[in-house]
Amino acid sequence: MLHLLSIFVLVSLCLCPTSAIRSFRGKSSDNSHGLRMGLDGSVQYIEAPEYRNGLKCPIPSVDGPVSVCDPLLVHVAMTLDSEYLRGSIAAVHSVLRHAPCPENVYFHFVASDSTSTKTDEFTRIVKSTFPSLSFKVYPFSESLVKDLISSSIRQALENPLNYARSYLADILEPCVDRVIYLDSDTIVVDDIRKLWSISLTGSRAIGAPEYCHANFANYFTDEFWFDLEFSKVFEAKRPCYFNTGVMVMDLVRWREGDYTRRIETWMKIQKERRIYELGSLPPFLLVFGGDVEPIEHRWNQHGLGGNNVVNSCRSLHPGPASLLHWSGKGKPWARLDAGTPCPVDHLWAPYDLHRPRQQHLPHPFSS
């Protein structure tokens with residue numbers, strides 16, 4: 001009963017209006033207006049409502065197109081690829097839908113330069129789905145990490161694009177000194193400015209929800225723990241597990257600390273010594289473990305996709321939720337399409353703008 005009540009409350013939160021202004025474009029009688037072509041040429045994405053700033057929002061400092069260097073902006077970074085594009089579109093939609101000042105959010109999308117889908121194509125799809133969105137698509141050179149990636153417990157974790165978050169300080173414009181990184185399998189059900197405004201104290205370069213009850217030792221092999229030169233990296237620290245799918249990142253401190261090179265160093269060691277098993281996460285734990293700004297758990301209700309091996313249903317964690325994260329093997333869009341959704345997948349569905357030929361859900365904005 002408690003689990004059902006939690007889902008009811010979250011559904012209400014997901015669907016409630018914000019103080020932003022939302023307008024709906026007209027729909028033609030055959031319901032074809034607003035549908036956007038997908039990567040395979042089929043009709044896939046429906047145009048989102050036009051989200052505008054509320055009356056109390058700060059006004060950007062210049063007229064015309066928003067400048068990426070505008071100090072009033074909230075910066076959000078995500079990756080784009082054909083497999084997870086549907087999730088990315090839903091995540092963007094959720095941010096806009098709950099932001100009182102959606103026009104003050106700037107999205108930085110990073111896409112691989114080695115896939116058949118080019119950045120121009122991603123730009124076209126995002127622009128047609130969110131005509132008023134301020135964003136840019138950046139190419140990510142897979143050659144940066146191709147020779148550094150080692151095998152993982154799940155093949156999806158070996159995707160070079162998973163490592164793009166380590167290079168945001170190099171990819172984004174130098175004037176961008178802070179960014180929120182979000183995985184493509186997240187939805188935000190709160191005002192993104194609340195996450196943006198969290199202070200990173202001292203010299204900390206990242207902030208994320210920490211989970212100190214998790215057995216930290218399990219994230220590394222015996223090869224790591226038996227080598228004192230390796231394990232002393234955590235000396236005089238209290239490292240805790242954190243999920244890199246939701247992070248607040250200070251890019252000025254990141255650049256000053258040369259953290260990208262530090263992460264690369266551990267990846268090189270991993271190729272030779274096999275000190276961990278789990279993709280792009282362990283290098284972050286090695287570099288930042290014990291030095292992460294703790295953020296409330298409500299900002300990453302993670303694990304909703306099951307674990308990394310089994311596609312299983314998970315319940316919501318106790319307590320409030322501002323961000324839901326389908327980390328793990330199961331993704332909500334796949335389970336919905338297969339007709340085998342988990343209860344929590346219905347919390348993701350209202351943000352889904354994907355419309356295949358046979359729709360599994362009614363139009364989310366129909367009256």
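The model is predicted, so local features need pLDDT of at least 70 and side-chain atom pairs count only at pLDDT 80 or more, while totals for chains, interfaces and linings use all residues. Residues are numbered from 1 along each chain as its sequence is written, and side-chain values use heavy atoms, leaving out hydrogens and water.

**Nonpolar cores**

A nonpolar core is a set of buried Ala, Val, Leu, Ile, Met, Phe, Trp, Tyr and Cys residues joined through side-chain atoms within 4.5 Å. Buried means under 20% relative accessible area, exposed over 50%, and partly exposed in between (1.4 Å probe, protein chains only). The largest nonpolar core has 51 residues, and those touching the most other members are Ile206, Phe220, Phe242, Met249, Trp254 and Phe288. Helix α10 (residues 281-288) contributes the most to this core, with six residues. Helices (H or I, at least four residues) and strands (E, at least two) are DSSP runs, numbered from the N terminus. A second, separate core holds 38 residues, including Leu96 and Ile295.

**Aromatic pairs**

Rings of Phe, Tyr and Trp (its six-membered ring) pair if their centres lie within 6.5 Å; planes under 30 degrees apart are stacked, over 60 edge-to-face, and the rest tilted. The whole structure has 24 such pairs. One of them is edge-to-face: Tyr84 and Trp333, at 5.8 Å centre to centre with 85 degrees between the planes. Tyr84 lies in the loop between β5 (74-80) and α2 (85-98), and Trp333 in helix α11 (residues 332-337), 249 residues apart. Both Tyr84 and Trp333 are buried. Trp254 and Phe284 have ring centres 6.0 Å apart and planes at 45 degrees, so their pair is tilted. Trp254 sits in helix α8 (residues 251-257) and Phe284 in helix α10, so this pair ties together parts 30 residues apart in sequence.

**Disulfides**

A disulfide is a covalent bond between the sulfur atoms of two cysteines; here the sulfur atoms must lie within 2.5 Å.

Cys69 is partly exposed at 42% relative accessibility, and Cys175 is partly exposed at 33%.
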